[in-house]
Amino acid sequence: MQEAMIKRAKELLAEGTVNRVMGWQAGEFAYDITPTVFSSADELDKAFVYNDFCSANVSKYMIKESRKEGKILCFLKPCDSYSFNQLLAEHRIWRDNVYIIGIPSYGKVDVNKVRAKGVTGITGIHTDGPNVVVETIYGSETMVKMDVMEDRCLCCKSKKHMVYDELLGEEGEVLQSNRFEQVEALENMTPEERYEFWRSELSKCIRCNACRNVCPACTCENCVFDNPASGVANKAPSSDFEENMFHIIRAFHVAGRCTDCGECSRVCPQNIPLHLLNRKFIKDINELYGTYQAGEDKDARGPLTNFTVDDCEPSIVHHRRG
Amino acid sequence: MLKVSVDKINDLFRAIAATQKLYLPVDTNAGAQYREWSEGVTMSQALNTNRSAKDFFFPQTENLAEFKMEGKKIEVKPQVNEYEDYVVFGVRACDAASFAILDRVFLSEPVDTFYAHRREHGTIITLACNRPAETCFCTTFGVDPAVPGGDVSAWQKGEELYLEAQTEKGEKLLQAVAGALSQAESEDIEPVKAAIRVMMEKLPLAKLSLKGIEDQKMLDLFYSDKWNALSESCLGCGTCTFVCPTCQCYDVRDFDTGNGIQRFRCWDSCMYSDFTKMAHGNIRNSQMERFRQRFMHKLVYFPENNEGIYSCVGCGRCLAKCPIHMNIVKVIKTMGGTENE
Amino acid sequence: MSERIDPLIPMVGVVTDIRVDTPDVKTFRVEAPEGGKVFEHIPGQCAMLSVPGVGEGMFSITSSPTQKNYMEFSIKKCGCVTSWLHSMEVGQMITIRGPYGNGFPVDTDFKGKDMVFIAGGIGLAPLHSVINYARDKRDQYGTIDVVYGSRSMDDLVDFPEIQNVWCKEEGMNVHLTIDREQEGWDGHVGFVPNYVKELGFDASKTFIICGPPIMIKFTLAGLTEMGIAKNQVYTTMELKMKCGIGKCGRCNIGDKYVCKDGPVFRCDQIDEMTNEY
């Protein structure tokens, strides 16, 4: 796939369809890949990669890139295409300045899960069918890919692209995902247990803002939490309640717009399962307003911004016991 | 040189914890984190903790003073903390080296008393790195993980843990827990040290050199056009700064408790858009400028003011944690002109 | 150990006088609650003033150290803290800590020199301290020239003192200018950098500049044209600060911290610094 992508990118650059290519750049090791804008065939040959470690969702970069001179080629995984489409719906991306090639994703590998197996000194890592082979300075190890795949990929919602100009590889289908099972587990807790769960998770927060800054739904020009006049702009919690506030307010703000791409949990340096907050909102929205997937249809009206007389009453919260 | 058998290590922990608090790395769902030891707590086998050990001296947030306001009057109540002696076990050589860098900031005149108190009350037991990771590059900064420093250094050899005091404070601690330890020979751990050094040589970043940076002038590095590409995909989050053992920038803020004003200090990040923002403008408006500041500080400004000592210890946390995998190693290689080596 | 007071803990000061200088500049006199100065300083140094709950900010000490009973601060209203300060009444307490920074080399490099002070708008504030210091120790310095400009007549800070005291002092020449013609103004009209060129100064004098960055930039260029070496020109900088003691990490220009290595820099030093100011 990587070769096919480089070949196609070079063609589009050569014929002048695009003047830049948004992709992923190889790093020091096999897995530390950086989203990068390439502007020549040479640069593509030198460092462009696409493999099971290209996790980063590049849609958000298109807000900035699509405002620049000329058209940019952007490779989107199925998951990223939902984010891109949602950003189109919110008029954040200038569609005419982006040429999209949809590419398949076979599930990304989480290097932290590899490390959790006690593997360290990683010098090389590649997927080989159902397995991952890890080369280390201490020797090589083979493990089952499913065991070290990112959590979000284990409950993938779709292998189908929501927006593209052309596709490389075969188009997939929307999947029957079990992603709401984790939310159900939380719903089945007692309120005390649930409170404890979130307290212990959210208290790990170090307010690095990585979740917010990576989130394709967080696109405010100036975030309320960065505005000193807002009264909530503290960088660190001055009371225990503050880190809860940050995440809960953020979850409310992206409700109905979050596509469940899972970047928030991927980037959290403290391993807080932030996506569960958003996924709970998605599940509730599905149940209360009918099934809705943000990013599926750029012309659809958002469930929380669209009023119908059949909408449930606020008292539903009481009836559903939270 | 003293030793204790690894299966009896709890005897040592118990002896230390009998007189003061003992913290050590423990596996949690947020990776290895320092936790207080109590019966039943087992030490993590992870190479390093998720967050650095700087938290012990420079916590993410701490109160400085409280102000009581009444009419036109203000009463200042400086924060009074009770400081207790404590021991941190299992600090790696890189983090131990970071303390000397933090000391240069906080213990230089005028001394930061909050930091100074915590530093004075803590005894650090380091642990040599038998299994370094690919993200390690401490040797670039002159750190030797075979000689990890601290007040007491520890080495694990097979089923035995060797301990040797490095400072007076360390000496005192080992004397106090002598009952849990037996005598050993210094030569016993030489093979461990040699093995660590062999592993360090094999690491992918073993040859990382600052020569290319050292050879350039501050202004040439500052005005280099390479910063644009390096910072292009930076998210502007504070992950690198907050997990970094040497990043120490802070903010001072006020919080209305409803009962007075609490002035507190918290970690800040030069990567944040409001870091240098004033009422009438900002000297670093773009992420490129903020990104450049962070690395210029570590690799050029800090050494310029501190006899050539870099403000990085090669712990590798930023390599592991940056959401887009941009980090100081890539910066050193690109700016130093050695990216293809 | 416990008797050590942390440098971040402020003292209390009482505002004993408030003078309205211009529509957006007020001068505040600050004394210790028991009377007298909260601390001693040298000209060009700064202090951290704060209103708890609103914020803390770094301000130049406008009064001369030769003033034994109080300190003064001329402050322009532009953000949260300054707006709050402007709303204060006499008798209000604020918090204060300092002094911070290097100050001007009044007892070394400036000794015996002819000095030309060039200021624009609120930029007079940090120079005010040095000018009055030199006036009070008149025999230790040569001639004093002050070139001071503002948007309008109403925006000249300390206008009464300039008119009634400085203008009448022997060995002191005051050159005032405003940006645009104005009724009741018979003085010079035009921007400071041009006025400095018009006046033309002997290249052996020492120059001390403070004002908006654009004014400093053009004045410096003008002085260079006039053949004045950069090591005879001094200026004072302002950046966002939190600690004032070189630790919080935000007021650096390259490897120099404005709070500790500055705020006073010689212009040949600035050439060796990065352009982030």
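Q: Which angles count as roughly parallel?
A: Angles under 35 degrees count as roughly parallel, those over 145 as roughly antiparallel, those from 65 to 115 as roughly perpendicular, and the rest as oblique.

Q: What kind of model is this?
A: This is a predicted model, in which local features need pLDDT of at least 70, side-chain atom pairs count only at pLDDT 80 or more, and totals for chains, interfaces and linings use all residues. Residues are numbered from 1 along each chain as its sequence is written, and chains are lettered from A, with ligands numbered from 1, in the order in which they are written.

Q: And pLDDT, what is that?
A: pLDDT is the predictor's confidence in each residue, on a scale from 0 to 100.

Q: What does chain A average?
A: Chain A has an average pLDDT of 91, and 97% of its residues score at least 70.

Q: Where in chain A is confidence lowest, and where highest?
A: The lowest mean, 76, belongs to helix H14 (residues 316-319) of chain A, and the highest, 98, to strand S5 (residues 98-102) of chain A. Helices (H or I, at least four residues) and strands (E, at least two) are DSSP runs, numbered from the N terminus.

Q: Back to angles. At what angle do the axes of H4 and H5 of chain C cross?
A: The axes of H4 (residues 192-199) and H5 (residues 213-225) of chain C cross at roughly 20° and come within 8 Å. Axes are lines fitted to C-alpha atoms, for helices over the stretch in contact, and angles run from 0 to 180 degrees between N-to-C directions. H4(C) and H5(C) are therefore roughly parallel to each other.

Q: Is the crossing of H4(C) and H5(C) left-handed or right-handed?
A: H4(C) passes H5(C) in a right-handed crossing. A crossing is right-handed if the near helix is turned clockwise from the far one by less than a right angle, and left-handed if anticlockwise.

Q: Which residues meet there?
A: From H4(C), C:Val192, C:Pro193, C:Val196 and C:Lys197 meet C:Met215, C:Phe218, C:Thr219 and C:Gly222 of H5(C). Five residues of this contact are nonpolar, two are polar and one is charged. Ala, Val, Leu, Ile, Met, Phe, Trp, Tyr, Cys and Pro count as nonpolar, Asp, Glu, Lys and Arg as charged, and the others, Gly among them, as polar.

Q: New topic: which chains share the most contacts?
A: Chains A and B do, of the two pairs of chains in contact. Two residues are in contact if their C-beta atoms, placed from the backbone, lie within 7 Å.

Q: How many residues of chain B and chain A are in contact?
A: The contact involves 42 residues of chain B and 34 residues of chain A. The largest share of the chain B side, four residues, comes from strand S12 (261-267) of chain B. That side of chain B divides into 21 nonpolar, 12 polar and nine charged residues.

Q: What about chain C and chain B, how many residues are in the contact?
A: Chain C gives 34 residues to it and chain B gives 42 residues. On the chain C side, strand S4 (55-60) and strand S6 (93-100) are the elements that give two or more residues.

Q: How far apart are chain A and chain C?
A: Chain A and chain C do not touch, and their nearest C-alpha atoms are 9 Å apart.

Q: Which domains does chain A have?
A: The assignment gives domain 1 (1-106 + 161-176), domain 2 (109-149) and domain 3 (179-322) of chain A. Domain bounds come from an automatic or database domain assignment. In chain A, 15 residues of domain 1 are in contact with 12 residues of domain 3. Helix H4 (residues 78-89) of chain A supplies the largest share of the domain 1 side, eight residues.

Q: And which domains in chain B?
A: Chain B is assigned domain 1 (2-60 + 81-202) and domain 2 (211-249 + 269-335). The C-alpha centres of these two domains of chain B lie 28 Å apart.

Q: Last one: which residues does a cis peptide bond join?
A: One such bond joins C:Gly98 and C:Pro99, with omega about -5°, and C:Pro99 is found in strand S6 of chain C. Another joins C:Gly262 and C:Pro263, with omega about 5°. Most peptide bonds are trans.
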